[in-house]
Amino acid sequence: MKELRDPKAIARLLADIRDRARRLPDRPRLMEVCGTHTMSLFRHGLTPRLAEAGVEMVSGPGCPVCITPDGLHEAAIDLAAGIEDLTLATFGDMTRVPTRKGSLQTAVPAAGSRIRIVYSPEEALAEAEREPGRQVVFYGVGFETTIPAIAYVVKRAARARLRNFSVLPALWLVPPALKAVLDSDEVAVTGFIYPGHVSAVIGVEPYAFVARDYGVPGAVAGFEPGDILLAVRSVLDQSLEGRPRVALEYGRAIRPEGNPTARAVMEEVCAPFDAEWRGLGRIPRSGLRFRAKFARLDAAKKFGLSIKVKGKPLAGCRCGDVLRGVIRPQGCPLFGTKCSPDSPLGPCMVSYEGACLVHYKYGRRERKGP
Amino acid sequence: MCLAVPAKITRLEPSGLGTVDYIGTEVKANFSLVPQAKPGDWVIIHAGFAISVMDAQEARETLRLFRELAESS
C-alpha cells in the first residue's frame, strides 16, 4: 500500500492537521497508546512534522514488555535457573529485560534446562508434545492482540491433558490502562490514537467510555504513516465539532465489533483481576489470569513461584514515568548515557517498540527539527 | 509486540491450520480464531495466528481516498 506513504498525500494530511490545530483554542496533545504506532511515527519522521503542524504526540503505556513488572521477569529467571530439564519459551524482547537478577539472556539455566525464543505460543506447545519428559513453560506476555493465541494453546493443552506444559501469564488489558491515564491527571491528553491490532480483537466499544465519560475524542489507526495522520485529523475534527467519539480509521483490517471468536476463547480461559503495571501501579481489572478450570496450567501456581510485583526499578530508571507519558525518554538522566540499546537498564530501552529505544534510534531526526 | 502483518491465505485445512504467503515466503499459520476465512483471503497474522480477515472493499476505499489526497495537495 505505497499510496499510504505517498509524500503528496502525507503533505496534504499534514496541511489539514495544521489548519485544524490552528483553529483549536489549546495545542492538541494526543497519546498514541500503541508502541507500534510510536515506532511508525518516528521511523517515518512524523512526530517532529506533527509538532511543527501544532500537534504534540505523547507515547502511552502500549508496550506489554515494558509494563510487565520486574517481579514476573525474576520469577521466569528463577524458574529457568532453579528447575532441571525445563524449557522456558518466550518472545525475544522478554529475554533482554534487565532486573536485579539479570535477564533471561544472562541467566544460567539449571542442568538440562534451556531458554528458548519463540515466535508463536504454538511452538512451545509443540515442544511439550514432542518431549513428554521435559517441562515446557511459555512465559506469555501480551495485550488483547496476543491473549487469544495464548488462551487458545492453554485450552488445547488442557484438552490434551498435557502434564508438562504451563504458561506464566503476563496478560494486560488496554482499556483499563487508558482509564488510569485519564484518572491520573498527570498528562492532559486531548485525544487518543487507539491501537490497531488490539482493536482487531476488542473492536471499538471498549473505548466508548473515553468519549462518553471524559469527553476525550479518539480514533483507531492502522500502522502506515497515512493511517496515523488520518486518525490524527479525525481526532482534531471531533475536538472542533465538540463531538467526541471513537472513529474507526482502519476499516480494512478491523470490524467495529472486533473478533468475537478470539474474544470467546479469551473469556473462556481467562478472568480479569486487579493487576500491577510498571509505572502505573495497581489498575482495577486490568490483568487476566486463568480461570479455576485452567489453573493447573498456570506456571506460577504449578511451581509455587513467589512473584513480587511491587519491586523497585533499577537505580535511576524512569521507565515508569515514560510509560505514563509524564516525561519523554530524553527526560531520564540515564537516557543515552548509562542506558542504551547495547546495555539497557530498563525495558523501554529493550523492546523494539519501547519509547526509549525508538527515541534513541530515530530521535536525531526530531532534534534536527524543521 | 502487537506488530502484525497482512498476508494471503494459500492453504487452509479443516483443522484450522494452513499457510500464508507473506511477501513471497510460505509461512505456517493457525486460522482457528477466524473461522470465516477462506483461501485467497488476506488476513492479519500475529504470533502465528490470524486475528482478522481484511476487507477488500474497505481496502479499495482507503486507496481511493489516498489517491484523492495526493491529487488535491
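The model described here is predicted. In chain A, S8(A) belongs to an open sheet of five strands, and a further open sheet has six strands. The domain assignment divides chain A into domain 1 (1-314) and domain 2 (319-363). Chain A also touches chain B, through 42 residues of chain A and 28 residues of chain B.

**The five-stranded sheet of chain A**

- The strand order in this open sheet is S2-S1-S7-S8-S9 (chain A), and the pairing is parallel.
- S2 and S9 of chain A are the edge strands; each has a single partner strand, so one side of each has no neighbour in the sheet.
- On average, neighbouring strands of this sheet are turned by 25° against each other, with direction ignored.
- Strand S1 (residues 29-32) of chain A pairs with S7(A) in the parallel sense, over three bridges.
- In that pair, the residue opposite Glu32(A) is Ile193(A) in S7(A).
- Helix H2(A) packs on the sheet and touches S1, S2, S7 and S8 of chain A. The direction of H2(A) makes about 115° with that of S1(A).

**Strand S8(A) and its partners**

- On one side, S8(A) is joined by three bridges to strand S7 (residues 191-194) of chain A, and the two run parallel.
- Ile193(A) has Ala219(A) in S8(A) opposite it. Ile193(A) of S7(A) also stands opposite Glu32(A).
- S8(A) pairs as well with strand S9 (residues 246-249) of chain A, in the parallel sense and over four bridges.
- Val220(A) has Leu248(A) in S9(A) as its bridge partner.
- Together with helix H11 (residues 225-241) of chain A, the strands S8(A) and S9(A) make a β-α-β unit that is left-handed.

**The six-stranded sheet of chain A**

- This open sheet runs in the order S4-S3-S5-S6-S11-S10 (chain A), and its pairing is mixed.
- Its edge strands are strand S4 (114-117) and strand S10 (270-277) of chain A, each of which pairs on one side only.
- From one strand to the next, the twist averages 25°.
- Strand S3 (residues 86-90) of chain A pairs with S4(A) over four bridges in the parallel sense.
- Within this pair, Thr87(A) is opposite Arg114(A) in S4(A).
- Helix H6 (residues 121-130) of chain A packs on the sheet, where it touches S3, strand S5 (135-142) and strand S6 (165-172) of chain A. The direction of H6(A) makes about 170° with that of S5(A).
- Helix H8(A) lies across S10 and strand S11 (281-290) of chain A, and runs at about 175° to S11(A).

**A loop residue, Arg100(A)**

- The loop between S3 and S4 of chain A contains Arg100(A).
- Arg100(A) counts as partly exposed because it has 13 C-beta neighbours inside 10 Å.
- In sequence, Arg100(A) and Ala299(A) are 199 residues apart; in space they are 21 Å apart, C-alpha to C-alpha.

**The two domains of chain A**

- The centres of domain 1 of chain A and domain 2 of chain A, taken over C-alpha atoms, are separated by 17 Å.
- Their contact takes 28 residues from domain 1 of chain A and 20 residues from domain 2 of chain A.
- On the side of domain 1 of chain A that touches domain 2 of chain A, at least two residues each come from helix H2 (35-43), strand S2 (56-59), helix H4 (64-67) and helix H8 (174-184) of chain A.
- H2(A) gives the most to this side of domain 1 of chain A, six residues.
- The residues on this side of domain 1 of chain A are 16 nonpolar, seven polar and five charged.

**The contact between chains A and B**

- The contact is made by 28 residues from chain B and 42 residues from chain A.
- Strand S4 (42-46), strand S5 (49-53) and helix H1 (56-72) of chain B each supply at least two residues of the side of chain B that touches chain A.
- H1(B) provides the largest share of that side of chain B, with nine residues.
- By residue type, the side of chain B that touches chain A has 17 nonpolar, eight polar and three charged residues.

Terms used:
Residues are numbered from 1 along each chain as its sequence is written. Chains are lettered from A and ligands numbered from 1 in the order in which they are written. This is a predicted model: local features need pLDDT of at least 70, side-chain atom pairs count only at pLDDT 80 or more; totals for chains, interfaces and linings use all residues. Two residues are in contact if their C-beta atoms, placed from the backbone, lie within 7 Å. Ala, Val, Leu, Ile, Met, Phe, Trp, Tyr, Cys and Pro count as nonpolar, Asp, Glu, Lys and Arg as charged, and the others, Gly among them, as polar. Two strands pair if DSSP finds at least two bridges between them. A crossover is right-handed if, with the strands pointing away from the viewer, the path from the first strand over the helix to the second runs clockwise. Domain bounds come from an automatic or database domain assignment. Axes are lines fitted to C-alpha atoms, for helices over the stretch in contact, and angles run from 0 to 180 degrees between N-to-C directions. A residue is buried if 20 or more other C-beta atoms lie within 10 Å of its own, exposed if 12 or fewer, and partly exposed in between; C-beta atoms are placed from the backbone.
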